[in-house]
Amino acid sequence: MSAKGTCRVTFLPGGQQADARIGATLLDTAQRAKAPVRTRCGGVAGCLMCKVSVAPEHRAALTEPTDAERRKLGPLLDEGMRLSCQARIRGPLSVTVPEDPLKAAVRRLLEQQQNEDGWL
Ligand code: FES
C-alpha cells in the first residue's frame, strides 16, 4: 500500500505507475498514469478497447468481473483479460496493456519486409 487508502498500480510494458484510490477503475488510473489504454465509449463497456491482461497472481487485486465484462469478454476472462473501465482496484498490482492493433500490424509488416529483404 502507498498512502492510506491508495495503492500502486503499474502498467506494463511501459512501466507507467500511479497511486490509485481503492475502488478506482483501472481506466481512470491508467489515464492518470498516462498509460496507453484506449477507450472510445467513455468507460461504459461498449467499445472493448480498454482491455488489459492481468497475470494470475494479480487477479485478486481487482474486483470480480461485472456482468457487462462477463457478457463482453466471455472466455477471455479466463485468460486474464479485463475491461479496465469495469475492473476496480482492491490492492497493488501490475497489468499489461496490449499493443495497439494498428501499431502491431505495422510492426509485423516491417518485420516481414526485413525478413524478405534479408535484413535479419
Ligand atoms: S472503455 Fe470502452 S469498453 Fe472499456
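Q: What counts as a helix or a strand here?
A: Both are DSSP runs: a helix needs at least four residues, a strand at least two. The model is predicted.

Q: Where is Thr25 found?
A: Thr25 lies in the loop between strand S2 (16–21) and helix H1 (26–33).

Q: Is Thr25 buried or exposed?
A: Buried means under 20% relative accessible area. Thr25 has 6%, so it is buried. Its contacts, leaving out residues up to four places away in sequence, are Ser84, Cys85, Ala87, Arg88 and Ile89.

Q: What does the side chain of Thr25 reach?
A: The backbone nitrogen of Asp28, at 3.0 Å.

Q: Which residues of H1 are buried, and why do they line one face?
A: An α-helix has 3.6 residues a turn, so residues three or four places apart point the same way. In H1, the buried residues are Leu26, Leu27, Thr29, Ala30 and Ala33. Viewed down the helix axis, they fall within an arc of 160 degrees, so they line one face. Their cover includes S1, S2, strand S3 (51–53) and S5.

Q: Which residues have the most contacts inside the largest nonpolar core?
A: Phe11, Leu26, Ile89 and Leu93, in a core of 27 residues. Strand S1 (6–12), S2, H1, helix H2 (67–73) and strand S5 (93–96) each supply at least two of its residues. H1 gives the most, with 4.

Q: Which residues is Leu93 in contact with, leaving aside neighbours within four places in sequence?
A: Arg8, Val9, Thr10, Val54, His58, Ala61 and Leu62.

Technical notes
Residues are numbered from 1 along each chain as its sequence is written. This is a predicted model: local features need pLDDT of at least 70, side-chain atom pairs count only at pLDDT 80 or more; totals for chains, interfaces and linings use all residues. Side-chain values use heavy atoms; hydrogens and water are left out. Buried means under 20% relative accessible area, exposed over 50%, partly exposed in between (1.4 Å probe, protein chains only). A polar contact is a pair of N or O atoms within 3.5 Å; within protein, one must be able to donate a hydrogen and the other to accept it, and residues adjacent in sequence count only if both atoms are side-chain atoms. Contact means heavy atoms within 4.5 Å. A nonpolar core is a set of buried Ala, Val, Leu, Ile, Met, Phe, Trp, Tyr and Cys residues joined through side-chain atoms within 4.5 Å. The arc is that of the directions from the helix axis to the C-beta atoms.
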